[in-house]
Amino acid sequence: MNENRNKKQNKGGRTPKTDPSIHRHVFRLTDEENTKLLSLFDASGMTNKAKFIIGLLFGKEMKSVKIDKGTVDFYMRLTSFHSQFRSVGVNYNQIVKLLYKHFTEKKAAAFLYKLEKQTAEMAMLCQKIIQLTEEFEAKHLKKQA
């Protein structure tokens with residue numbers, strides 16, 4: 001009977017850590033310091049505030065990624081515009097083929113002249129868009145050392 005009592009009973013639960021964190025430190029921050037700490041914590045993307053502070057204290061490399069919603073929105077709109085521009089090019093080729101197939105050469109040339117004017121306007125618009133994109137890139141996307 002004594003033998004049964006001397007055996008270790010499995011109590012279940014979590015297995016104990018080999019090196020548990022048992023030391024606790026408390027410090028107080030002003031409102032300004034707290035705001036700065038919280039903004040750094042949010043920028044780090046970490047989920048555990050204690051591990052974030054330990055990383056700062058012991059000089060572990062902290063990575064922070066800032067996502068600019070305006071830049072993402074600009075990129076998405078530029079991408080959708082590019083796909084629309086490509087579809088216009090495909091439609092342009094189809095229209096030219098249909099013009100020469102269904103109309104006389106004289107009538108097709110008249111319609112083609114109108115289409116050419118619209119194409120020139122679209123090319124000017126495209127140049128403006130490229131210029132705006134380059135300006136945006138220079139001001140907001142490229143980091144200056």
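**Entry 1: F85.** I started with F85, which is partly exposed at a relative accessible area of 29%. For the record, buried means under 20% relative accessible area, exposed means over 50%, and partly exposed is in between, with a 1.4 Å probe and protein chains only. I was looking at a predicted model, where local features need pLDDT of at least 70, side-chain atom pairs count only at pLDDT 80 or more, and totals for chains, interfaces and linings use all residues. Residues are numbered from 1 along each chain as its sequence is written, and side-chain values use heavy atoms, with hydrogens and water left out.

F85 sits in helix 4 (residues 69–102). What is F85 in contact with, leaving aside its neighbours within four places in sequence? I found M122 and C126, taking contact as heavy atoms within 4.5 Å. M122 is 37 residues from F85 along the chain, and their C-alpha atoms are separated by 9.4 Å.

**Entry 2: the whole chain.** I counted helices and strands as DSSP runs, numbered from the N terminus: H or I with at least four residues for helices, E with at least two for strands. Of the 145 residues, 9% are buried. Among contacts with a separation of 6 or more, 27% join residues 24 or more positions apart.

**Entry 3: S44.** Is S44 buried or exposed? S44 is buried, with a relative accessible area of 13%. I placed S44 in helix 2 (residues 31–44). A polar atom of the S44 side chain lies 2.7 Å from the backbone oxygen of F41.

**Entry 4: around helix 3.** Which residue caps the N-terminal end of helix 3 (residues 49–57)? I noted N48, with a side-chain oxygen 3.0 Å from the backbone nitrogen of A50. Just after helix 3, G59 takes a positive phi of about 70°.

**Entry 5: the largest pocket.** I looked up its volume, which is about 500 Å³. Of its 14 lining residues, H23, R24, H25, A50 and I54 are the closest to the centre. A pocket here is an open set of points on a 1 Å grid over the protein atoms alone, where a 1.4 Å probe fits and protein lies on both sides within 12 Å along at least five of seven lines; lining residues have an atom within 4 Å of a point. The volume is the space filled by probe spheres set on the points, which are joined across faces, edges and corners.

Key
Polar contact = N/O pair within 3.5 Å; in protein donor to acceptor, adjacent residues only side chain to side chain.
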